[in-house]
Amino acid sequence: MDDFIEKTKNMHLNGVVEQITVPFLITHGAGDRQINVKYAHQSYDQAVNSPKRELRIFDEPEGGTEHISIDNMPYVGSIIADWVAETFAELA
């Protein structure tokens, strides 16, 4: 575990997200205990060159609050699929 922590301590999206120039959807569970929700907000704030950016935080009672929305994946997956379909329709 110490080796993993050492190798990943500088692993982040700072300096990368602002280079995104396509639509960008960020989803995050409000109760994610592995990756703090503040990083989702940070990525959204940095995505200044995306023509369409959206931040969707899943919380109770809808579910999807855990890491990768494992507690309600079908629901979250349908939200993501709808966003993708809507976004492609806007591009057409």
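User: Where is the place of Ser69 in this structure?
Analyst: This is a predicted model, in which local features need pLDDT of at least 70 and side-chain atom pairs count only at pLDDT 80 or more, while totals for chains, interfaces and linings use all residues. Residues are numbered from 1 along each chain as its sequence is written, and side-chain values use heavy atoms, without hydrogens and water. With helices (H or I, at least four residues) and strands (E, at least two) taken as DSSP runs numbered from the N terminus, Ser69 is found in the loop between E2 and H3.

User: Is Ser69 buried or exposed?
Analyst: Buried means under 20% relative accessible area, exposed over 50% and partly exposed in between, with a 1.4 Å probe and protein chains only. The relative accessible area of Ser69 is 4%, so this residue counts as buried.

User: What is the phi of Ser69?
Analyst: Most residues other than glycine have a negative phi. Ser69 is not a glycine, and yet its phi is positive, at about 55°.

User: Is Ile68 buried or exposed?
Analyst: Ile68 also sits in the loop between E2 and H3, and its phi, near 50°, is positive in a residue other than glycine. Its relative accessibility is 55%, and therefore Ile68 counts as exposed.

User: Is the peptide bond from Glu60 to Pro61 cis or trans?
Analyst: Pro61 belongs to the loop between strand E2 (53-58) and H3. Most peptide bonds are trans. The bond from Glu60 to Pro61, however, has omega near 10°, and is cis.

User: Which element gives the most to the lining of the second largest pocket?
Analyst: A pocket is an open set of points on a 1 Å grid over the protein atoms alone, with protein on both sides within 12 Å along at least five of seven lines, and lining residues have an atom within 4 Å of a point. The second largest pocket holds about 150 Å³ of space, and of the 13 residues that line it, the closest to its centre are Thr27, His28, His67, Ile68 and Ser69. The elements that give two or more residues to this lining are E1 and helix H3 (73-91). With four residues, the one that gives the most is H3.

User: Which elements give two or more residues to the lining of the largest pocket?
Analyst: The largest pocket has about 560 Å³ of volume, which is the space filled by probe spheres set on grid points joined across faces, edges and corners. Its lining consists of 19 residues, of which Met11, His12, Leu13, Ile35 and Tyr39 are the closest to its centre. The elements that supply two or more residues are helix H1 (2-8), strand E1 (24-29) and helix H2 (38-46).

How values were computed: On a 1 Å grid over the protein atoms alone, a cavity is a set of points where a 1.4 Å probe fits but cannot get out, and a pocket is an open set with protein on both sides within 12 Å along at least five of seven lines; lining residues have an atom within 4 Å of a point.
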